[in-house]
Amino acid sequence: MSLPVSTETDRQIDGLLGRFPQRGSALLPALHLIQAEKGHIPLEAMDYIAGKIGVSPAFVAGVVSFYTMFQQTPIGRHHIQVCCTLPCALRGAGSVMGYLERKLGIRRGGTTPDGKFTLSAVECLGACDTAPMFQINEEEYGQLDERRIDAILASLK
Amino acid sequence: MAYDKLLTRNLGKPNSATLDAYQASGGYQGLRRVFKEFTPEKFVEEVKASGLRGRGGAGFPAGVKWGFLPKGLEVPRYLCVNADESEPGTFKDRLLIEQDPHLVLEGIIASAWAIGCHTAFFYIRGEFHKGARIFQKAIEEAYAKGLLGRNILGSGFDLDLIVYRGAGAYICGEETALLESLEGKRGLPRIKPPFPAVVGLYGCPTIINNVETLANVTLIAERGAAWFAAIGRPKNTGPKLFCVSGHVARPGVYEAPLGIPMKELIEMAGGMMRPDRPLKAVVPGGSSMKILPAAKCDVLMDFDSLAAAGTSLGSAGMFVMDSGTCMVDALWNVCRFYAHESCGQCTPCREGTGWFVKILKRLERGDGVPDDVELLDNVASRVEGNTICPFGEAVAWPVQSYVKEFRDEFQEHVTRRGCPLAAAAAR
């Protein structure tokens, strides 16, 4: 049977299994590795990691679905996560979201037809001093206005 | 009064996150002093004597918490650093992690030594990609220089420290949910007792301390309990990072002694964002804490003063709202957060948060009915105190306090069939 992940990811996951006092702790870091490679956590990968750790696939699915950051279906290459919690909302998060929806032609939760952008409303990202802000993949951008958003999106391939 | 910055003293210096820069400014001298002048037991007493109270939200004395570890058990003890900073309005730990990780790391090593822990975990929220990278690098530097690993600085003490990334769940900031998550499970809080100090990670005695708490341990290691206890106010000792956000001119993290007047903090943050809009209300300690209307904002920012004012210092995530803010809309936002983040384990919380969102949405949209304001109170009273973890209070308190302090504004949403502020803005 072929591996649902690359041999490199498989090797890194094997390295995690002995790293913790109990094997189960390897699950979250392993899921992060899988998502870093695949962009989401495919079902076959849940079966695979369940076997590695020694828990049921259903247990893994329960963990994956609990945590907001784990994606169960493919998303766009650039995941725009707009913080919409109150400290950002007080400084215009609603306008930022509205502008992005119009500019990208999608609603929050949607992905552009070319697969370039996914737009999500997320809860507090702990960067209220830069409100309004969003995170795109691993990078954060604050003090957003329409001009700045245009420049940020234009810089992404 | 002049105040020399302590927790933020290295911020803004070149390469402040590196070990070289940290040591050049005297870093790790505190740890050396502790190894030389104290026994672990005596250092626990020192931290108790400093009066240091936890900076994560509950304000429990750190040394007392350490003292709850059972003695004489031949099982491992764990230290888990709570870097799952996710209380809305809070962004202080991020600053320390990204800009002065060794200040935190030094406190972790001293604390682990004091409590007899040889494996510690740094649980950081998954969204803090940059923070996790920086902290991992700081750990690697520390291993290379003999500050982690075997026989640290020749003391005979061994410590391993592992960074563990969360994956987007507010509830994992609750200490028992954090432990579940660290064990690779859904973050469902555990019933207490037993408390983690007795039965924690992998069933072993465990201490969970906040990032800023541990940075304060570094200060105590450097200069001692008496010096520390002289900062701030009685029973509310030491320096504090205050996160000021919302409608101020310069949102940011401001360091001051505990007990600084709230109004002074607003001034430090440049005052109100718009001169034409006066202060309407402040939430002093993150969105879970009770709101104070402007008339009650002449308070000191410390644990006991805010408790006396009917609210709490919480995580010191203070957000400021001006006269243009609709309290129904603001509370609707807050409740959407809690509805999304409820772990779903306890019915009052899982269902209650949904009810709040539903009622507030119809009030704001002009579909409210006369009993809705009472209904909010009624549901809140059934959530509060009826859940496994303090999440129930974390949503009930804002609901109860926004309604209590701004009841007329809530009623007006019913009688005028919608939001008066939104209607005025649309004109």
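Modeller: Chain B and chain A bury about 3700 Å² between them, and carbon and sulfur atoms give 59% of that. Buried area is the accessible area (1.4 Å probe) that two parts lose on being put together, summed over both. This is a predicted model: local features need pLDDT of at least 70, side-chain atom pairs count only at pLDDT 80 or more, and totals for chains, interfaces and linings use all residues. Residues are numbered from 1 along each chain as its sequence is written, chains are lettered from A and ligands numbered from 1 in the order in which they are written, and side-chain values use heavy atoms, with hydrogens and water left out.

Colleague: Which residues of chain B lose the most area to chain A?
Modeller: B:A167, B:R186 and B:Y202. Together they make up 16% of what that side buries.

Colleague: And how many residues are in contact?
Modeller: 54 of chain B and 38 of chain A. Contact means heavy atoms within 4.5 Å.

Colleague: How many salt bridges are there between chain B and chain A?
Modeller: Two. That term means a side-chain nitrogen of Lys or Arg within 4 Å of a carboxyl oxygen of Asp or Glu. B:R94 forms one with A:E140. Their closest N and O atoms are 2.8 Å apart.

Colleague: New topic. How is chain A divided?
Modeller: Into domain 1 (7–66) and domain 2 (78–155). Such bounds come from an automatic or database domain assignment.

Colleague: What separates the centres of domain 1 and domain 2 of chain A?
Modeller: 29 Å, taken over C-alpha atoms.
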